[in-house]
Amino acid sequence: MDYAATLEQALARIANAADLDALEQLRVELLGKQGSISGLMKTLGGMSPEDRQTVGPQIQGLREGATSALTARKAAMESAALEARLATESIDLTLPAPSAPRGTVHPVSQVLDELAEIFADMGFAVATGPEIEDDWHNFTALNIPESHPARAMHDTFYFPDKDAEGRSMLLRTHTSPVQIRTMLDVVKANPGGAPIRIIAPGRVYRSDSDATHTPMFHQVEGLVIDKGIHLGHLKWTLETFLKAFFERDDIVLRLRPSYFPFTEPSVEVDVGFAIVNGKRVLGGSGDAPGHGWMELLGSGMVNHHVIRAGGLDPDEWQGFAFGIGVDRIAMLKYGMDDLRAFFDGDARWLAHYGFSAHDAPTLSAGVGTAA
Amino acid sequence: MKFSLSWLQDHLETTATADEIAAKLNAIGLEVEGVEDPAAKLTGFRVAKVLTAARHPDADKLQVLSVDVGDGTPLQVVCGAPNARAGMIGVLGLPGAIVPAGGMELKKSAIRGVESNGMMCSTRELELGEDHDGIIELPEDAPLGMAFADYHGSDPVFDVAITPNRPDCMGVYGIARDLAAAGLGTMKPVAAKAVVGSFPCPTEIRTDDPAGCPAFYGRVIKGVSNGTSPDWMQARLLSAGQRPISALVDITNYVMLAFGRPAHAYDLAKLTGAIFARRAADGESVLALNGKEYALDSSMTVIADDAGVHDIAGIMGGEHSGCSESTTDVLLEVAYFDSVRIGDTGRKLNLTSDARQRFERGVDPAFLDTGLDLLTGLILEICGGEPSEVVRAGTPPATPRVIAYDPARSLWLGGVTIPDDTQRAMLAALGFIADDSWNVTVPTWRPDVDGAADLVEEVVRIHGIDNVASVALPRADGVARPTATPAQKLERRVRRAAAARGLNEAVTWSFLPVPEAEAFATGNDGLWVLANPISEDMKAMRPSLLPGLLSAVRRNVDRGAASLRLFELGRRYLRGANGASDERLTLGAVLAGEKTPRGWATGKAQAFDAFDAKAEALALLAEAGAPVDNLAVMGEAGPQFHPGQSGTLRLGPKTVLARFGMLHPATLKQFDIGVPVAAVELFLEAIPGKRGAATFARSAYAPPALQAVTRDFAFLVDAALPAGDLVRTVKSADKANIVAVRLFDDFRGQGVPEGQKSLAIEVTLQPGDKSYAEADLKAIAERVTTAAGKLGAVLRG
């Protein structure tokens, strides 16, 4: 028998099989239990050892050749079928994908987080107090007695209510009452007093409304109480904070004497700026050409009456305090120009000026978020 | 406080320029709000000579002038001033010039048919005085054609903000003292000569209220003539923004502005009997100089005569006894009033005045005689007359305060080293006398200085507070310690979690219109409502975060927004113990309008529903550390919500951690919102805190050895049974084996009896150390069906 010709014939039939069904039929015909090649394999058993020596490998070769041709042909057919199916499945990827809404953090919250980060590095904790305050904490304890003209400087919102001690209830006009509450808490825990370093951010209220004032705004209070703290420390702290906040080493401060009942000496702090593209950009001395000074914050050494109201001995403890407008420094840093828009909840404004959830300020990355 | 440079130079010998003075004022704590030069407004006005004046052909009161501005070409100008005449020298405004008073730009025009090439100006038109009876007449030697600004000369006006602690600087003299102490010149002594009266004061002067008016000095001057005050005085007053009125009134105003010493001049003819300070009687009233009637009460001090009240002491004089042109005899009042009394009275009457500003800050109690001498001298000089002897009723509290000071404090508190002698000299220049052992006598004009820290402020501000060197705060070793409290960390985390979920953080007002606050009020404690709101829209403190967000939704929808996801993290304001407030950190979120817009794959736009609100509530509570798996959905979200599509998330039956759902159509109507709104409110204070100290190491990871198995069950239940009840019941049917139960189908309709529904759940079973045998699974299934059966659930065949 001519095995080579048989193989040739089988391979030709495999190559010509029209589809997978025809190929399977061919496989059964050749290699199935009743298949022609399977039949040849069975003849080996009846052969003499000599014949088997010569014929065996030829039949074996025939079987292997057919098997591998079948396998290869089947794979090729399957692959072609898959290609053909995938070709029908193509889609237009320029169509829009489902979109996830982009949430934002309000600039005031972002800036408060930035402040917390910077001041934490200088050892300051964050303290809070009520916004609905009594007039003792908001005024009297801060050395602003009942008939003091300074009370008129604060356009105060009052409630008709009095607390259990007969104190008039009002909306705090500044974050300074947190100074008193913090000192009293510290004295409660440490009767002799203990060093304090806090910032106290939050909402404050003044009965004032125009282009640059809103009846509610945000302030952050700073308070350091310790032994031997003086004006030089105050200046350093403000410089260091502003340099870190604006991420500029060329911040220059100008201190001017001023008056606040709760500090003595009292210091108004101006910061130098330049006009760049019509906007004020902090940096440089306000006396340099093309520069100016802007009032930034009020501060001073804590008045001895206030330290005493906080339960501490002013002969032993002294320190400084400052208060700064959070909305204002947010505007200076991030370029908003209308304070009233902060509180409008305009989704377009929030999307434009808001911050990604992932922009949590860190010192290593710089607390600010680039535009 | 406004004053001109020339006025300052009345009291300060100085060569400093206006810029140098302004810089120094800022440096010593007298904040300059502006420096303005009235001459700067005089561009386009020139010295001009009237060559001829002829009657206007068509108007009786007008003249047609020919005016020479020095260039040889006379200009024709129509003028209505009665004093315009040939030969006079005046001021001509040329076309293009802007008249300072009123701001009108001059143009070439025709007046009643006659061409006019400018305007001859009056003092008032140039804001240089009050005279408007005629045009300005200049001396004959005034150079023709000269810019009038140059002729008039520059006299810049400083506008200085005086802080409430510095009554002494409410007069030009006090400002000069500060500048001199700061090295900007030399003080000129006050030119007050004691005037001896030539007859006893004919009117009895006394104080019947020594608490409110400790001292009342006065005298009568007879035979005065009250005309206009001299030009120099008018110029001073105008620079301070005061309108000249009459010589007597101007003199009292001038002494107040120059020396911070208010006084009052009464027309003696209008007084009856004695004049004295007393308490007002309840029900009394007075017509004040501003034309308003003020109702007085017994807490107020007044100046009265035997017939009635004339003057709200230290605040404002009365209309009836003021000086007028016909006044011939005056009574001068120089009194000392208690500062607290003045402040209280002023606030009660809601009446401010220059006098009140000074008295309530505290005028110099040792300046009464000098003040009276200054007034008398000026009146005699300007108005003539004959002065009586001085009456001094009562005694001003003029004992100076003495403060023990240690010059080392300038370093200790101020951070600067200033030699003792320098400090002593600085203090002396300000009027403080330090003895050898540093007991410092405070001048009577500085009521604000009551302790050593004030003296530090004095020397540091004169030294220059800007010269204080920065000194680093001591720093603890190592990396900064964490300072945030658990509550602060929670707040930050929840805020960023909400933003990460696609919500935009808003900050809205803490106060609301009362009806909006009432609609969201909880409990019966009552709202915090302001007594003096800025408007009705900002009156009640918010009891919930939702109303403010809803107003923001309305504004956004009105601007055309189709989809809104807003949140706010802030306080809601409740009533606390002992009349204090109870302010609780709360998160509010609103989902309004379209959840997804119409899309090629998703079809029509999808609106937000209650499950979107539930998803936000659970996700944010999970971020906040709440045990979300243990929360039950219950009702009572509140009347603001859709009664059938809202709920609360509770830990146990009472602790409400959140409410969520669709808002009630009535709520949307109240806020004028035309789209459905899903809302969430998280009560963050209700989330139980973590117990024990924080640890970093997690519990050991021990994955189960065997794979979990799932089994599905479908139950027929009453249509009203909450699916959550079934899930919870099944979950606890066999706690050893069942680790999770998930509801995946809620079906009503074909094959399900009316009034029932089919709920399908997937139960996950976790085998322990050996695989489940058929019998085990059967037993578990049995327990599931039994437990569900207690809810009336029947396993579907």
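Reader: Into which domains is chain A divided?
Author: Chain A splits into domain 1 (3-86) and domain 2 (107-353), with bounds taken from an automatic or database domain assignment. This is a predicted model, where local features need pLDDT of at least 70, side-chain atom pairs count only at pLDDT 80 or more, and totals for chains, interfaces and linings use all residues. Residues are numbered from 1 along each chain as its sequence is written, while chains are lettered from A and ligands numbered from 1 in the order in which they are written.

Reader: How many Å separate the centres of domain 1 and domain 2 of chain A?
Author: 92 Å, taken over C-alpha atoms.

Reader: And what does the C-alpha trace of chain A span along its principal axes?
Author: About 130 × 50 × 45 Å.

Reader: How many helices and strands are there in chain A?
Author: Chain A has 12 helices and 11 strands. Those are DSSP runs numbered from the N terminus, with helices being H or I of at least four residues and strands E of at least two.
The radius of gyration of chain A is 42 Å, well over the 21 Å from the globule rule for 371 residues, so chain A is more spread out than a compact globule. That radius is taken over C-alpha atoms, and the rule is 2.2 Å times the number of residues to the power 0.38.

Reader: What percentage of chain A counts as buried?
Author: 42% of the 371 residues. Buried needs 20 or more other C-beta atoms within 10 Å of the residue's own, with C-beta atoms placed from the backbone.

Reader: Switching to packing: at what angle do α2 and α3 of chain A pack?
Author: Helix α2 (residues 20-31) of chain A and helix α3 (residues 36-43) of chain A meet at about 15°, with their axes 3 Å apart. Axes are lines fitted to C-alpha atoms, for helices over the stretch in contact, and angles run from 0 to 180 degrees between N-to-C directions. α2(A) and α3(A) are therefore roughly parallel, a label for angles under 35 degrees.

Reader: Which residues make that contact?
Author: Glu29(A), Leu30(A) and Leu31(A) from α2(A), plus Ser36(A), Ile37(A) and Ser38(A) from α3(A). Contact puts two C-beta atoms, placed from the backbone, within 7 Å.

Reader: How many residues of chain B are in contact with chain A?
Author: 77 residues of chain B, against 71 residues of chain A. Helix α13 (residues 486-500) of chain B gives the largest share of chain B's side, seven residues.

Notes: A residue is buried if 20 or more other C-beta atoms lie within 10 Å of its own, exposed if 12 or fewer, and partly exposed in between; C-beta atoms are placed from the backbone. Angles under 35 degrees count as roughly parallel, over 145 as roughly antiparallel, 65 to 115 as roughly perpendicular and the rest as oblique.
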